[in-house]
Amino acid sequence: MAKMTPRTLSGFMELLPQPQQQMERMMQILRETYALYGFTPLDTPIIEASEVLLAKGGGETEKQIYRFQKGDADLALRFDLTVPLAKYVALHGGELSFPFRRYQIGKVYRGERAQRGRFREFYQADIDVIGDGKLDITNEAEIPSIIYQTFTRLGLKRFQIRVNNRKILNGFYAMLGLTEQSGAIMRTVDKLDKIGPDKVRDLLLSDCGLREDQAAEILKFIAITGSNAEVLAALEGYMGRHELFDTGLSELKTVVKYLADFGVPEENFAVDLTIARGLDYYTGTVYETTLLDHPEIGSVCSGGRYDNLAEYYTDRQLPGVGISIGLTRLFYVLGEQGMLNPDLPTAPADVLVLPMTEDLAPAISLSTRLRGAGVRTQLYTEQKKFKAKMNYADKIGVPYVIFLGDDEIAAGVVACKDMKTGEQTKLPFAETLDLIRSGLAEKNKGTVILE
C-alpha cells in the first residue's frame, strides 16, 4: 500500500512540544490576568449556522469564511470571537447578569491567502464588557489597565497603548461637512503608519473626493502630537463647534483622567488622533497597542467601544467595549524576533522517575507521592539502557531526574539529579521535595517574553 506523505496545510500552525509549552504559558498568563479583573471564561462553538455568522452581511467576510454543507445544514467556521459572543448574549441575555464580562481564548478561521505571520487558523484572545442599555465610560478607562497588566506580566516593558475616540473624529469631519465620507476617510487615515502622510493625502483627494483644503485640514488635525495633556489642550481649541466632538473629547478626558488610578504609567499610554480602527463597528474609544522596538509587527492588541453588540439578533440595546489579541500571530513574530525566553522550563513534567529495580512498586509509590504533593511527575518504565533513559530526559528538558534503586530504598532516601547544574543529592523524601519545589520556583521566575 502506498504511503500518504504527511503534511500540514498552509496557514495552519502546528507546534513542537517545547514551543507549545511556551504558547500555553502565554495563554495561562492571559487567563490569570483577565480573571483578576472579574472576567468569566466563555467557550462558544467553532461551527455555527452560516446565517448566524453572516447576519450583518457578506462582503469580505463571506469571501474569507470557511463554509460547507452537512446534509441540509448550511454551516461555517467562526471567523472571529465577537460575532459568536453577540449570538451568545442575545440567546442567553435573560440568564446573564449585566454588565457581562467575558474572556475567550479560541481558534478562528479565515480563508485568506496565507503569508508570513498571517494564518488561516489562529488563536484570538478577547475580552468584552457588555452592558444592558447603558455602559459607563469607566469601563473604557479600565481597558488600558488590563492591556498594561497583560503585557507587563508577559515580560514586555517597551509597548504603547494608543487611544482615540471615534466621536472626536466623526464630530471633526462633521465640522468640515464630510459626515457622509467619514467612514472612508477614517479607513484611509488608518493607513498612515503604513503609507505615510503624502500617500494618505493623495487617497483623500482621489478615493474620498476631498478638496485640497479639506485634506490639508485633516492632515493638520491628525498631526497633533505631544504629551497626553498637550494633545488634549490642542483639542480644546475645537470645542463648541460640534456636539459629537465635545462628547468624544469629554470621554477621552475621562479615560486619561483615570490612567494613574488604574496603574497605567503615562509612558505606556498615548492619545493618538490617527487611531481610527477601520471598522465602522466602533463608536467611541478605540485602542491599538504597539511594541515600540518592533513597529514592523503592527498592532498586537486592538479594539474599542461599540453601541450595539447584538443588533442583528435582538432589539435589546447591548453596548460594549472590548479588545482582541491575535495570539498566534503575536507568538509567531515574537519567536521570529528571538523574544521568547528559552530558559523557562518547557518540559511536560518537573520530575522523571527512573526505577533501578525489577520491582516497580517503590517507584510507582514514589511517583504517586510526588503527584500528591503537586509535582508533575513522569514514571519512565521502558526497558532501555541507562544512557538512552538519560538522553530521553535531556530531550524533553525535564528539570529533575530521580533514581530509585535498592540502596536508596534500603536507606530510605531519594537520589535526585538537577539536570541543569548536574548536582546530585541523596536525601529523605521530604527534603528532596523541598529541594525540587524551591528549585522549580527559581527556574520559573523569568517571564515568557524577553525584550
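Domain bounds here come from an automatic or database domain assignment. On that basis, the protein chain splits into domain 1 (17-336) and domain 2 (351-443), and their C-alpha centres lie 49 Å apart. Keep in mind that this is a predicted model: local features need pLDDT of at least 70, side-chain atom pairs count only at pLDDT 80 or more, and totals for chains, interfaces and linings use all residues. Residues are numbered from 1 along each chain as its sequence is written, and side-chain values use heavy atoms, with hydrogens and water left out.

**The sheet**

- Helices (H or I, at least four residues) and strands (E, at least two) are DSSP runs, numbered from the N terminus.
- Eight strands make an open, mixed sheet in the order β1-β5-β6-β11-β10-β9-β7-β8; two strands pair if DSSP finds at least two bridges between them.
- At the edges sit β1 (40-41) and β8 (269-271), each pairing on one side only.
- β8 runs parallel to β7 (residues 159-165), and three bridges join the two.
- In that pairing, isoleucine 161 stands opposite phenylalanine 269 in β8.
- Helix α6 (residues 166-175) packs on the sheet and touches β7 and β9 (285-291), where contact means heavy atoms within 4.5 Å.
- The direction of α6 makes about 45° with that of β7; axes are lines fitted to C-alpha atoms, for helices over the stretch in contact, and angles run from 0 to 180 degrees between N-to-C directions.

**A look at glutamine 124**

- You'll find glutamine 124 in strand β6 (residues 121-130).
- Glutamine 124 is buried, with a relative accessible area of 9%; buried means under 20%, exposed over 50%, and partly exposed in between (1.4 Å probe, protein chains only).
- Leaving aside neighbours within four places in sequence, glutamine 124 touches several residues, among them Asp80, Gln104 and Ser324.

**Salt bridges**

- A salt bridge is a side-chain nitrogen of Lys or Arg within 4 Å of a carboxyl oxygen of Asp or Glu, and by this rule there are 20.
- Glutamate 251 and lysine 167 form one of them (2.7 Å, N to O).
- Glutamate 251 is in helix α11 (residues 243-257) and lysine 167 in helix α6, so the pair ties together parts 84 residues apart in sequence.
- Both glutamate 251 and lysine 167 are buried.
- Aspartate 350 and arginine 376 also meet in a salt bridge (2.9 Å, N to O).
- Aspartate 350 is buried at 10% relative accessible area, while arginine 376 is partly exposed at 37%.
- Glu62, Arg67 and Asp74 are linked in a network of salt bridges.
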